[in-house]
Every structure is written in structure tokens, then in C-alpha cells.
Amino acid sequence: MSFSDGTRSVHAGLPEPEVGRPFLPGPVFAAPYHLDPVTGPGAHGYARTEQPTREALEAAIGELEGGAALAFASGQAAVTAMLLSLVKAGDRVALPGDGYFPVRAFARDALAGLGVESVLVPTAGPYPDFTGLRLVMLETPANPGLDVADIVALAAAAHAAGALLAVDNTAATPLGQNPLALGADLVVASGTKALTGHSDLLLGYVAARDTALLEKVETWRKLTGGVPGAFDCWLAHRSIATMDLRLARQSQNAAAIASLLAGRPDVTGVRWPGLETDPAYEIAAKQMRRIPGIVAFDLGSAERVARFLSAARLVFAATSFGGVHTTADRRAQFGDDTAPGFVRFSCGIEDTADLVADVTQALDASA
Ligand SMILES: *Cc1c(COP(=O)(O)O)cnc(C)c1O
């Protein structure tokens, strides 16, 4: 029997019921474990390599992504481990030119020095010929501009050229799209955002179906050590249970906010892939099961964004996205190459009418 998203979120990675035991066992706090004095390690010897709380979380993420998953201490730890374990000097990789900007910074500051050449490609295309590339990485929808890439078509093109295709699934989450089922070899993501949704932890993961590929990443993780702690893994696993409910409200709020913004002459550049007029609408409707709660728009100047954020009561000025609280940030303040008035707005799970009313009064007050 195959279950739907709400059921899968609640049950992902849970152990078989055992009388007298909790549904989700608590975190196991241990670095070393008892060894057998004669035969040595059992299933768990040392937590950098084996950790039961982390393994339960990885089982949950793996079930939702449709592959096997490895958890990392942050999304950046996962992205960089994926790249460093699979590319070597002389390789060329294609990376999103408009995605999460620390990935570009990593390519420039670290990969280039190791002899790995990066080609930056805009998410909406045009895509170059992939001949000679070792790996193509997409980020779709891209953070923060929200363009969408065609995973099926680009996986086929990458494979025809002998390249691996990796997809950053942070914004979509595994309930929004399953890149592995669409032909990707690897999924990388930050679990800090909508996957866990409470703005209280850092997490990342790499997922794949090919065990040999994932083994390379696991060996890299063992040798470099970027593992998440037991308590964060447990918090993350607990939070995944509500992912379907959170995403449903976030997406509903984003639909309302996007249509409010699109109807205002004092707001420009509104992007939400669920808007029928959005350039990414068609491909998003084809490959995504739900549209994330992130809306991008431009208020014209840094000053107006500051007035908007000061006037809003339900919109916290904060970076990151995907949490239960509505947040917004002006990306240019972090060095993202976006316009000075560009806002990334992340819908929380507040009541839609309250949020729409608050954003309306804040836009009016800041105009
Ligand atoms: C936040 C983010 C990351 C990095 O995740 P951290 O958990 O902050 O290290 C990577 N990719 C995307 C698309 C992100 O939004």
C-alpha cells in the first residue's frame, strides 16, 4: 500500500511499535559505545561513523526522497561534501548562477584552487552543452529568485554527456518534488529550512539511489566529520511529522500573498511559481507536487524594505526561510547580487487572512 504525504510525514523513519517504548525514541547521547572486549564493535562503535538517532532521521529522509540519505551538520556541509567527494582536479562542473550564493563562493574560493573549474548557469537557462562536465548541479526552485529548471530534461542531457545530475531540493522539500524519481543521481539539501521548519537547528543531507555513489559521500563524511548532533537529529525527525501540514499552510499563504502583491502597482518583480502568470509556472506545475511558501518581490529601495519590515507585525526581519513564522529579508544586505529593494518573503503558518491584512497595512504604511 502506498501512503500519501501527510501519512508519510508522520510515519517516516519510525521503528516498529514495541510495547512500552516511545513512538520516536529519544536521542542517544554517546560518542563511543561499549565494545565487545573480544570481538570489538557491534552495530555502533563511534558516533562520527554510526549514530542511531541520526540513522533514524536518515531513514525518514531517505523514505521521503525515495533513496538512501546521509545527514550532515548543515546544508553547506552536505553540498560541499557532495562536490568534494565526487569531483577531482581537472574536472568541470556546472553550478547554478542564481542559486544559494555560498555555493558559488565555495566554487570560487575552494574548488578553483583544487583545479576544479565551475561553469555558472542561470536556472531558467539557456543551458550549455554538458560535454566534458563531471557533474551538473541544479537548484530548483532557485533561492532567492525562484526560477525553476526542468529536472527530467536536464537529467537526460547530463546523462547523455556522461555527467552526474545533482539537485538542491531545499526550497521544494521531498514533499514538493522527488528529483531522484525525475532522473537526478543525487539530491542535496538544507534541512534547516522547510524540511524541519522551526528555525531552531542546522541540518543538511545528501540522498541517492546508487549505493556506490553514496558510499563515496559517506567515506568523505567519515573522514571530514561534518555530522549533526544527536539532539538536532531528534528534533529534526520530530519536526518532519508535521511537514505536510506546515507546507500546506505555507503554500496557501504564499498564494494569497503573491496575488496581493501582483495586484499592487507599488510592488514589482513578484515571483511565485504557483502564479499562472509566473515564467516558471508551466514547468513547476509539471514537475512539482506543491509550490513552496517563498515569494520574491521588489520594493524599489532598501529604505522602503526597512519601512515595510518595521511596520509589519507578523513578518519577522530574518534570513533563512521555510519556518513556521513568517520572515522576510533584503538579500542585498548579505552580498547576494540582487537589487537593493529585492525581498525574499517566507510565509509561515499564521492564518492567511491575518497575514494578508498585516502585509497590506505594512505596504501601505511604507509606500
Ligand atoms: C540554506 C541553503 C543551503 C545551505 O544550508 P545551511 O543549512 O544554511 O548550511 C543550501 N542550499 C540552499 C538552496 C539553501 O537555501
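User: Before we discuss T352, what does contact mean here, and which residues is T352 in contact with once its neighbours within four places in sequence are left aside?

Analyst: Contact means heavy atoms within 4.5 Å, and the model to which this is applied is a predicted one. T352 has its place in helix α11, which covers residues 352-366, and with a relative accessible area of 16% it is buried. Leaving aside the neighbours within four places in sequence, the residues in contact with T352 are R249, Q252, N253 and A256.

User: How much of the ligand's area does the protein bury, and what is the distance from a ligand oxygen atom to an N or O atom in the side chain of T192?

Analyst: For the side chain of N143, an N or O atom is 3.0 Å from an oxygen atom of the ligand, while for S190 the corresponding distance is 2.8 Å. Taken alone, the ligand exposes 380 Å², and the protein buries 94% of that area. In the side chain of T192, an N or O atom is found at a distance from a ligand oxygen atom of 2.6 Å.

User: Why is helix α7 described as largely enclosed by the rest of the structure, and which helices do its buried residues pack against?

Analyst: Helix α7 spans residues 230-240, and because 8 of these 11 residues are buried, the helix is largely enclosed by the rest of the structure. The buried residues are A230, C233, W234, L235, A236, H237, S239 and I240. The elements against which the buried residues of α7 pack are α1 (5-11), α2 (52-65) and α8 (243-262).

User: In what order do the 5 strands of the open sheet lie, and which are the edge strands?

Analyst: The pairing within this open sheet is mixed, and the order of its 5 strands is β8-β9-β12-β11-β10. An edge strand here pairs on one side only, and this applies to β8 (268-271) and β10 (316-317). At the β8 end, 2 bridges join β8 to β9 (residues 294-298) in an antiparallel arrangement, with D298 of β9 as the bridge partner of T268. The order asked for is therefore β8-β9-β12-β11-β10, and the edge strands are β8 and β10.

User: How many residues of strand β12 are buried, and which residue of β12 is the bridge partner of I294?

Analyst: Strand β12 (residues 342-346) is mostly covered, with 5 of its 5 residues buried; F342, R344 and S346 lie on one side, V343 and F345 on the other, and both faces are covered. The strand runs antiparallel to β9, to which 5 bridges join it, and antiparallel to β11 (residues 327-330), to which 4 bridges join it. For I294, the bridge partner in β12 is S346.

User: Is T131 buried or exposed, and which side chain does T131 join in a polar contact of 2.8 Å?

Analyst: T131 has its place in the loop between β3 (117-121) and β4 (135-139), and at 52% relative accessibility it counts as exposed. Leaving aside the neighbours within four places in sequence, T131 is in contact with R92 and A161. The polar contact of 2.8 Å joins the side chain of T131 to that of D129.

User: Which residues are joined by a cis peptide bond with omega of about -10°?

Analyst: Most peptide bonds are trans. A cis bond with omega of about 0° joins G125 and P126, and P126 is found in the loop between β3 and β4. P141 lies in the loop between β4 and α5 (151-160), and the cis bond with omega of about -10° joins T140 and P141.

How values were computed: Residues numbered from 1 in each chain as written. Predicted model: local features only at pLDDT ≥ 70, side-chain atom pairs only at ≥ 80, totals over all residues. Heavy atoms only, no water. Polar contact = N/O pair within 3.5 Å; in protein donor to acceptor, adjacent residues only side chain to side chain. Areas by Shrake-Rupley, 256 points an atom, 1.4 Å probe, with all protein chains shown as cover. Buried < 20%, exposed > 50% of the residue type's maximum accessible area, 1.4 Å probe, protein only. Pairing = 2+ DSSP bridges.
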